[in-house]
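Morning, everyone. I have one structure to walk you through today. Please have a look at it on the screen.

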Number of protein chains: 2
Amino acid sequence: MSGRVTMHQVAAEAGVSVSTVSKVINGRYGVSPETFEHVTGVINRLGYEASLVARSLRNRRTNVIGVLVADFEPFSTEVLKGVADAIRDTGYELVAYSAGGRIDEHVGWERRYLSRVMGTLVDGAVIVTPTVTDVQYDGPIVAVDPHTGRSSLPTVAADNLQGARLGVDHLLALGHRRIGMVTGRPDLVSAQLREQGYRDAIHAAGLRVDEDLLALGAFDPEQAREAARALLTLPDPPTAIFAANDISALATLDVAAELGIDVPGRVSVVGFDNIPESALSEPALTTVQQPMRQLGREATAMLVRLIAGEEIADTHITLDTTLVERRSTAPTEVPT
Amino acid sequence: MSGRVTMHQVAAEAGVSVSTVSKVINGRYGVSPETFEHVTGVINRLGYEASLVARSLRNRRTNVIGVLVADFEPFSTEVLKGVADAIRDTGYELVAYSAGGRIDEHVGWERRYLSRVMGTLVDGAVIVTPTVTDVQYDGPIVAVDPHTGRSSLPTVAADNLQGARLGVDHLLALGHRRIGMVTGRPDLVSAQLREQGYRDAIHAAGLRVDEDLLALGAFDPEQAREAARALLTLPDPPTAIFAANDISALATLDVAAELGIDVPGRVSVVGFDNIPESALSEPALTTVQQPMRQLGREATAMLVRLIAGEEIADTHITLDTTLVERRSTAPTEVPT
DNA sequence: GTGAAAGCGCTAACAC
DNA sequence: GTGTTAGCGCTTTCAC
């Protein structure tokens with residue numbers, strides 16, 4: 001069987017018109033039982049299935065939900081699993097779309113992606129970590145871990161402020177006083193709140209924030225490596241590092257290993273996210289867990305209601321975080 | 001800004017025809033610099049971006065690669081990450097498609113999915129764990145972890161036979177003699193080979209396979225739980241269980257906990273895959289690791305070459321597996 | 001009960 | 001240099 005079978009071919013083979021085939025497929029009235037039977041037979045024999053694209057172009061509703069991600073990395077992928085959880089048994093199909101992680105070249109990718117798929121391919125979309133505030137688009141859209149600024153979009157995010165405090169408080173409780181931070185992408189509210197939580201925790205402990213102990217990781221593996229290296233090679237390096245996400249924390253672990261700095265012996269490291277990979281590192285990462293799958297589930301539930309035209313009272317959902325203690329943190333060594 | 005902007009609207013706004021807009025967008029010749037400038041301005045102001053669907057329907061090439069999965073579970077998601085790795089900097093975009101895990105109701109989903117997207121939405125596809133052999137479709141398609149039977153499709157898979165032997169040999173080396181198995185989906189070659197490897201390893205150790213120690217888990221969490229329960233409540237239960245994948249192994253751990261059976265004290269458990277989740281269980285799972293991301297990368301590399309029209313000599317790639325020892329296995333207790 | 005025709009948003013011949 | 005037209009695969013009036 002070669003290439004794709006079109007409705008046209010089915011019609012020709014069955015000796016009927018395309019509109020009759022269409023009616024058979026969509027179960028419309030006005031087809032005799034015999035014709036129905038016959039056409040169905042041809043469809044099955046030829047293995048015909050309507051093109052998603054052609055159908056989408058024609059119909060207003062597509063019954064497809066889109067997940068728009070800059071890249072398929074651990075965080076977005078976990079969210080995707082959550083969306084898949086929520087989509088099961090709703091009758092919706094799922095299309096995850098990414099232009100391949102060329103983010104830097106395109107702040108504002110979400111606007112582009114939305115234009116490309118909304119209204120034609122998908123009925124609504126979950127956008128993961130969008131880069132701009134003003135996604136001025138009035139279709140059903142929910143943002144996960146959204147951009148800073150008052151957003152008119154419905155959003156779902158973890159309590160990043162509380163989470164960061166959890167992480168830094170943990171380090172403080174272990175006796176650390178010089179705590180560095182590898183910060184995240186400055187344009188994301190999640191990153192800002194995590195830095196804020198870091199500052200709050202340190203202030204609450206009666207300490208001052210040493211600005212030299214903050215380095216920009218930007219949620220990017222490479223940049224996080226540089227940031228970690230800068231921090232760890234300081235004349236008076238921190239005894240602990242709080243990283244704005246696990247990717248950055250993992251990069252920090254890496255750099256520490258390269259520099260021959262023992263974790264957690266000489267420096268403790270705390271991450272944020274609890275991506276699955278964080279348990280596989282050496283040492284396993286202590287991290288602030290945010291419920292990534294649940295972010296996806298909540299966002300999807302909201303999106304489905306939005307598509308159904310329901311009014312939603314609370315369009316900003318915040319989920320709690322928890323600390324997951326593993327092996328990358330330990331009490332400060334008593335100075336000898 | 002409301003809804004999606006169409007080329008028609010751009011044309012009207014700019015006071016030109018749609019074809020002129022099309023030419024501007026696609027950089028075709030035959031547009032005066034002034035018109036180009038003007039139309040470009042309107043496009044930017046309106047935030048216009050061509051609909052992926054309309055464009056796909058019209059053009060033969062779409063520059064989009066599809067990843068077709070029955071569901072977004074850990075295995076397929078890891079493969080997806082690998083595909084994303086490989087796609088970066090190729091210029092291709094990525095669409096992952098799933099109808100939402102209603103597998104059981106639809107063996108043969110991959111044929112349906114292919115018909116829906118191939119030739120219109122995507123230029124080629126990676127299908128993950130297809131259910132049938134005869135995906136009679138001659139477009140560029142690569143199967144990851146494919147169905148049993150001689151397949152004309154290019155395939156990428158792990159060495160399941162060697163992997164299973166690795167896992168079972170590990171248990172044998174620990175002194176286990178009564179080793180049960182929670183088997184996988186009988187229609188998948190991967191599952192068959194893992195069972196074969198189990199049998200081979202036991203025979204190679206000079207033992208007989210006790211058929212009562214095999215239970216069908218079908219790669220399904222629920223069914224795997226039943227299988228594990230059956231095995232663990234046997235009058236003379238096995239001292240170790242080899243599970244056909246990590247999902248099944250995790251289910252086994254779960255059931256053991258419910259039954260108050262200590263792992264690895266009373267029963268050792270080995271999984272297969274090394275999905276990220278397997279490190280998070282209690283106890284952390286000893287498992288046979290298959291390079292899931294690399295499966296995705298290799299498949300994509302092959303697919304890209306296929307789309308480019310290259311002849312590929314070796315269309316069946318097999319990747320090695322390795323044993324990851326964690327805490328769910330221990331030497332057999334000496335009978336008291 | 002069935003088919004012809006229009007049109008979804010776009011591109012590519014082909015006229016003008 | 002620009003617009004008109006046909007058509008990608010499909011659904012949906014609307015004649016017959």
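Let me start with one contact. A backbone N or O atom of Ala54(B) sits 3.3 Å from a base nitrogen of DNA strand C. Keep in mind that this is a predicted model.

Which elements make up the surface near DNA strand C? Those that give two or more residues are helix 2 (18-26) and helix 4 (52-58) of chain A, together with helix 2 (18-26) and helix 4 (52-58) of chain B.

From chain A, Ser19(A) has a polar side-chain atom 3.1 Å from a base nitrogen of DNA strand C. From chain B, the side chain of Ser22(B) has an N or O atom 3.0 Å from a phosphate oxygen of DNA strand C.

How many residues surround DNA strand C? There are 25. The closest are Thr35(A), Arg58(A), Met7(B), Tyr48(B) and Arg58(B). By type, the surface near DNA strand C has seven nonpolar, twelve polar and six charged residues. And what does the protein meet on the DNA side? Take the atoms of DNA strand C within 4 Å of the protein: 59% belong to sugar or phosphate, and the rest to bases.

On to the other strand. DNA strand D has 25 residues around it. Met7(A), Tyr48(A), Arg58(A), Thr35(B) and Arg58(B) come nearest. Of the atoms of DNA strand D that come within 4 Å of the protein, sugar and phosphate account for 57%. The residues near DNA strand D divide into seven nonpolar, twelve polar and six charged.

Again, some single contacts. A polar backbone atom of Ser51(A) is 3.2 Å from a phosphate oxygen of DNA strand D. An N or O atom in the side chain of Ser19(B) is 3.0 Å from a base nitrogen of DNA strand D. Then there is Lys23(B): an N or O atom of its side chain lies 2.9 Å from a base oxygen of DNA strand D. Which elements give two or more residues to the surface near DNA strand D? They are helix 2 and helix 4 of chain A, with helix 2 and helix 4 of chain B.

Next, the two protein chains. How does chain B relate to chain A? The same surface serves both copies, as 98% of the contact residues of chain B recur in chain A.

A word on annotation. An unreviewed UniProt entry places the feature "domain: HTH cro/C1-type" at residues 6-46 of chain A. That span of chain A is 76% helix and 0% strand. Its end C-alpha atoms lie 10 Å apart.

Last stop: Ser281(B). Where is Ser281(B)? Ser281(B) lies in the loop between strand 9 (268-273) and strand 10 (286-289) of chain B. Is Ser281(B) buried or exposed? Its relative accessible area is 15%, so Ser281(B) counts as buried. The side chain of Ser281(B) reaches the backbone oxygen of Pro283(B) at 2.8 Å. A polar atom of that side chain also lies 3.3 Å from the backbone oxygen of Ser278(B). Leaving out residues up to four places away in sequence, Ser281(B) touches Leu250(B) and Leu253(B).

Note on methods:
Residues numbered from 1 in each chain as written. Chains lettered and ligands numbered in written order. Predicted model: local features only at pLDDT ≥ 70, side-chain atom pairs only at ≥ 80, totals over all residues. Heavy atoms only, no water. Contact = heavy atoms within 4.5 Å. Near = heavy atom within 4 Å. Polar contact = N/O pair within 3.5 Å; in protein donor to acceptor, adjacent residues only side chain to side chain. Helix = DSSP H or I, 4+ residues; strand = E, 2+ residues; numbered from the N terminus. Nonpolar A, V, L, I, M, F, W, Y, C, P; charged D, E, K, R; others polar. UniProt positions renumbered as here; feature names shortened; annotations may be inferred. Buried < 20%, exposed > 50% of the residue type's maximum accessible area, 1.4 Å probe, protein only.
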